[in-house]
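Please have the viewer ready.

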Amino acid sequence: MKTLIIVSHPDIDESGSQQYLKEALPDSSDITYHHLETTYPDGKIDIEQEQALLQKHDRIIFQFPLYWYSSPPMLKHWLDEVLTENFAYGYGGNKLKGKELGLVLVIGMPEKEYQVGGNEGFSLSALTTPYQAMAKKTQMQFLKPFLIFQFHYMTENEKKRILIAYQQYLMIEKFDTLRAKEAWTLEQMEAIDEEMLPAGSSFILDQVKEIIEDNRMELDEIQMYLEQAGGSL
């Protein structure tokens, strides 16, 4: 699966959250990082090039800070220019059909405020409705958004958890399932060059792998019993 991350931020060098996410990108040829304001500082978008880029990827991610419940202006401009009739919709406009559309949103307010009765009063599910409608019109599958609340108040451990979850969001098919996350974690551990780790690390890695595999066996066994009983996980 090839993933295209389309990032929009007018001052990305000064953004701690965006720089952190950029540094967190996996070293993979299947992931393309594309910052619009850097690519098009004059705002003149190469439409053919952008449409060709979209067609080369399977999962399209829009990544941006939430500005007044929407995206920075450059992404809106990109959408208007690139997702044209006969390409993204309308007669013959099925070039995005079957692809996935995801959002990575960096949000300054706490999560609890995005609900009825909260200071913002609307859920993120409601506020992202235009992107959901866009996915429907272009025959893409809209993915559950990846939301980062108040990055600057996070502890180092919280940021590390964000890093792992972000990589999974970019790389894993069916990223929201425990089974897929387990398989991805084991693959990442297998790829580690243990000669680069401190002494004793191999033992710890083996223990973690064993725990993950044992837990999976127990879950599969429970699943089997539930299916026999007429239910399912």
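## Salt bridges

K144 and D176 bring their side chains together in a salt bridge, with 3.6 Å from N to O. The term stands for a side-chain nitrogen of Lys or Arg within 4 Å of a carboxyl oxygen of Asp or Glu. K144 sits in the loop between β5 (141-142) and β6 (146-149), and D176 in the loop between α7 (156-171) and α8, so the bridge ties together parts that are 32 residues apart in sequence. Helices (H or I, at least four residues) and strands (E, at least two) are DSSP runs, numbered from the N terminus. K144 has 52% relative accessibility and counts as exposed, while D176, at 46%, counts as partly exposed. For these labels, buried means under 20% relative accessible area, exposed means over 50%, and partly exposed lies in between (1.4 Å probe, protein chains only).

A word on the source: this is a predicted model, where local features need pLDDT of at least 70 and side-chain atom pairs count only at pLDDT 80 or more, while totals for chains, interfaces and linings use all residues. Residues are numbered from 1 along each chain as its sequence is written, and side-chain values use heavy atoms, leaving out hydrogens and water.

How many salt bridges does the structure hold? There are nine salt bridges in the structure. Side chains of opposite charge can pair when their charged atoms come close.

## A buried charged pair

R59 and E100 form another salt bridge, and their closest N and O atoms are 2.6 Å apart. This pair links distant parts of the chain: R59 belongs to strand β3 and E100 to strand β4, 41 residues apart. Are these two residues buried or exposed? Both R59 and E100 are buried.

E100 lies in strand β4, which covers residues 100-107, and the relative accessible area of E100 is 15%. Setting aside neighbours within four places in sequence, E100 is in contact (heavy atoms within 4.5 Å) with M1, D58, R59, I60, M140, Q141 and L143.

D220 is partly exposed at 33% relative accessibility, whereas R216 is buried, with a relative accessible area of 15%. Salt bridges with shared partners join R179, E182, R216 and D220 into one network.

M189 is placed in helix α8 (residues 178-190) and counts as buried at 7% relative accessibility. Not counting residues up to four places away in sequence, M189 touches L205, V208, K209 and I212. The C-alpha atoms of M189 and K209 are separated by 8.1 Å, although the two residues are 20 apart along the chain.

## Aromatic pairs

A pair of aromatic rings is described by the distance of the centres and the angle of the planes. Here, rings of Phe, Tyr and Trp (its six-membered ring) pair if their centres lie within 6.5 Å; planes under 30 degrees apart count as stacked, over 60 as edge-to-face and the rest as tilted. The count by this rule comes to nine aromatic pairs. One of them is the tilted pair of F64 and Y131, at 5.9 Å centre to centre with 35° between the planes. This pair links distant parts of the chain, with F64 in strand β3 (residues 59-65) and Y131 in helix α6 (residues 129-137), 67 residues apart. F64 counts as buried at 1% relative accessibility, and so does Y131 at 8%.

W68 and Y69 give an edge-to-face pair, at 6.1 Å centre to centre and 75° between the planes. W68 is exposed at 79% relative accessibility, and Y69 is partly exposed at 37%. Elsewhere, ring pairs link F62, F64, W78 and Y131 into a cluster.

## A nonpolar surface patch

W68 is found in the loop between β3 and α4 (73-82). Together with Y67 and Y69, W68 forms a nonpolar patch on the surface, with about 410 Å² of accessible area together. Patches are made of residues with over 30% relative accessible area and no salt bridge; like charges are joined within 9 Å, and nonpolar side chains (Val, Leu, Ile, Met, Phe, Trp, Tyr) within 5 Å. Accessible areas come from the Shrake-Rupley method with a 1.4 Å probe, and for residues only the protein chains shown count as cover.
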